[in-house]
Amino acid sequence: MNMNFNLFMNDVVRQARQEISAAGYTELQTPEEVDEALNRKGTTLVMINSVCGCAGGIARPAAAHAIHYDKRPDHLVTVFAGQDKEATERARNYFTGYPPSSPSFALLKDGKICSMIERHDIEGFDPMNVVHKLQQNFDKYCEEL
């Protein structure tokens, strides 16, 4: 059996992008798109996507389910670590005080970091644990719908 690794990875990446987009998150693929999105007024949840197992099995499902709540961010966006490298690097510049982590979630208000759920807060937990962590941040920083 001869498998083309790049072809396989393209399928994995495409599926990961589709999952988070279908959940209602806008993909940011350039540094300019990141600056425009993260400097908006209101609250913005950034999901730092990746192809690892904890992204697919925990973080993306949590991202999709956490937003079905009385309080939620005004804007939902995502950058793809390892794929859209410049956009991801630009987004991480907004996460002052936090090291690079993927997958992860950053909640910003008016362009300033409020909270971060890092990989160590995701890996080893089930999706509902991460949903609860996200919703706790929504309660603290977001307005009721």
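1. Helix H3 has a kink of about 30° at Ala 59, shortly before the proline Pro 61; the bend at a residue is the angle between axes fitted to the seven residues ending there and the seven starting there. The model is predicted, so local features need pLDDT of at least 70 and side-chain atom pairs count only at pLDDT 80 or more, while totals for chains, interfaces and linings use all residues. Residues are numbered from 1 along each chain as its sequence is written, and side-chain values use heavy atoms, with hydrogens and water left out.

2. Helices are DSSP runs (H or I, at least four residues), numbered from the N terminus. H3 covers residues 53–66, and its 14 residues should span 20 Å at 1.5 Å a residue, which agrees with the 19 Å between its end C-alpha atoms; the expected span is 1.5 Å times one less than the number of residues.

3. The buried residues of H3 (under 20% relative accessible area, with a 1.4 Å probe and protein chains only) include Cys 54, Ile 58 and Arg 60.

4. H3 packs against helix H5 (residues 127–141) at an angle of about 45°, with the axes 8 Å apart. That angle makes H3 oblique to H5, since oblique covers what is left after under 35 degrees (roughly parallel), over 145 (roughly antiparallel) and 65 to 115 (roughly perpendicular).

Methods
Helices (H or I, at least four residues) and strands (E, at least two) are DSSP runs, numbered from the N terminus. Buried means under 20% relative accessible area, exposed over 50%, partly exposed in between (1.4 Å probe, protein chains only). Axes are lines fitted to C-alpha atoms, for helices over the stretch in contact, and angles run from 0 to 180 degrees between N-to-C directions.
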